[in-house]
Amino acid sequence: MYDMNKAMTSRASRRGVLKGGAALGIGSLGLGPIGSRLAAAQAEDALEIFSWWTSPGESKALQALFDAFTAANPGVEVVNSTVSGGAGVNAKAVLQTRLQGGQPPDSWQTHIGRELTDLYVIPGSCEPITDLYESEGWSDVMPAGLIEQASWESEQYSIPVGVHRGNGFWYNKTVMADNGIEVGDTISVDEFFAAADTLKAAGVPALAFSNNEGFQGPQTFENTLLGVAGPETYNALFLGETSWDDQGAREAAEIFARMLDYVNEDFSALAWSDAIALVIEGKAGFNSMGDWAYGEVLAKNAQENIGWVSHPGSTGSFVLVVDSFTLPVGAPHPENARNWLITLGSKEAQEAFNPLKGSIPARTDANRDLFTPYHQWSMDSFSNDALVPSAAHSQACSPAFQQAFYDATTAFVTDKDVDTYLAMLADAAAMDAEATA
Ligand code: GAL
């Protein structure tokens, strides 16, 4: 298995990173509808869980976690605090406001890696849960690489509940068949463009695209970068060890720009779930998206007609997007919060949640038979392929770099100016290096 720890260590040993909200550039945001939920969450025997899981697939999967918790802890009122917006684009800002105001929920969703450490652990918002890792035996049943990314200075700070594969490339089988396109087990960049030309001639957007949340462009670019430049260069770029004038990065940006010639025109108004819906409904050919998109396919009962491969050229690599939950400093209901984490780390909860979410369990002892053929394919990829953390989901890079990556990509998807794009990424990497020096 590819050594993802090696890729993370040089970052993980760094101190002095930009602190929480400052890194996100967040000022004062109102708490909005969260305010009313706060009242319920103050109740004596409650558990307030904060996440951005609001789409049909996401909310069904979240409910499976609540059900598992309630079965073990009857009588505790679960308060579901969600803020919609894929990749947590809105939720993370609201959470910062709450943390700064001393009003944490009982647990919140975060990616392991830099998002967990830079936004929450180093600023002092999380309690270690190392004792739970010991008492629950989690270290024996989870890959060391995942635990390492959930850790800071020898303590564990979150429990991974599922492992998403970010470089999925989903397609509508009927659309392909109607246009005489055969998709095999893999798709190369050239094969994608050949299929895209055929679809374009038939008046069908080849690539369903969305960017209203700002993470989808970065995600499609990182998948393209991985496919074009390979996992070593991908890691080196996001670790700041290779500069953005790298030939592979340039080629990836050029190919990404070409792909954008085949997308639906209204992409900047659409959410990620709208883009996968275009594929499900046969209104577009492909969609590059993490496998939470498969959660939508399942929630809409569309699995018969949806196929998958790795994003063009990225076969043999697995982009890690690992969801986990924390124990806050000052949790209103610390006992319930700890019991929530115990539920999340259990085999039963991971076997109930992941089949609905599209991700695979973080535990390696889950029963494969409970999972769809897609999940089993992803499990095999996880065991055999190069594992690289996602930058679009801030697992690989600082929150400050992530924000700059979003801004640069939002400009790029309209102007397609490769030189400016690479220069903006190079500037962000330089600023990051300075901030963490
Ligand atoms: C990711 C998260 C996934 C999924 C996706 C879209 O950041 O890890 O679980 O929710 O955003 O919202």
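Analyst: Phe-238 and Trp-244 are both buried. In this predicted model, local features need pLDDT of at least 70 and side-chain atom pairs pLDDT 80 or more, while totals for chains, interfaces and linings use all residues. Numbering runs from 1 along each chain as its sequence is written, and side-chain values use heavy atoms, with hydrogens and water left out.

User: Okay, what makes Phe-209 buried?

Analyst: Its relative accessible area is 3%. Buried means under 20%, exposed over 50% and partly exposed in between, using a 1.4 Å probe and protein chains only. So Phe-209 is buried. Phe-267, at 12%, is buried too.

User: How many aromatic pairs does a search of the whole structure find?

Analyst: The search turns up 33. Take Phe-209 and Phe-267: the ring centres are 5.2 Å apart, with the planes at 45°. Rings of Phe, Tyr and Trp (its six-membered ring) pair if their centres lie within 6.5 Å; planes under 30 degrees apart are stacked, over 60 edge-to-face, and the rest tilted. The 45° therefore makes this pair tilted.

User: Why do you say that the Phe-209 and Phe-267 pair ties parts together?

Analyst: Because Phe-209 sits in the loop between α11 (189–201) and α12 (216–238), and Phe-267 in the loop between α13 (247–259) and α14 (272–280), the pair joins parts 58 residues apart in sequence. Helices (H or I, at least four residues) and strands (E, at least two) are DSSP runs, numbered from the N terminus.

User: And what kind of aromatic pair do Phe-238 and Trp-244 form?

Analyst: Edge-to-face: the centres are 5.5 Å apart, with 65° between the planes. Phe-238 and Trp-244 also belong to a cluster linked by ring pairs, and its other members include Phe-221, Tyr-234, Phe-256 and Phe-401.

User: How do you know whether Trp-52 is buried or exposed?

Analyst: A relative accessible area of 4% makes Trp-52 buried. The residue lies in the loop between β1 (46–51) and α4 (56–72). Leaving out residues up to four places away in sequence, Trp-52 touches several others, among them Glu-58, Val-83, His-111 and Glu-115. A contact here means heavy atoms within 4.5 Å. Trp-52 and Val-89 are 37 residues apart in sequence, with 8.6 Å from C-alpha to C-alpha.

User: What stands out about phi of Glu-153?

Analyst: Phi is near 45°, positive in a residue other than glycine. Most residues other than glycine have a negative phi. Glu-153 is in the loop between β4 (151–152) and β5 (155–156), and its 52% relative accessibility makes it exposed. Ser-394 also has a positive phi, about 60°, without being a glycine. Ser-394 is found in the loop between β11 (386–389) and α19 (399–415), and with a relative accessible area of 0% it is buried.

User: Last one: why does the radius of gyration agree with a compact globule?

Analyst: For 437 residues the globule value would be near 22 Å, and the protein has 21 Å, so the two agree. The radius is taken over C-alpha atoms, and the globule rule is 2.2 Å times the number of residues to the power 0.38. Those C-alpha atoms fill a box of roughly 60 × 50 × 40 Å along the principal axes. Buried residues make up 59% of the 437, and the secondary structure comes to 20 helices and eleven strands.
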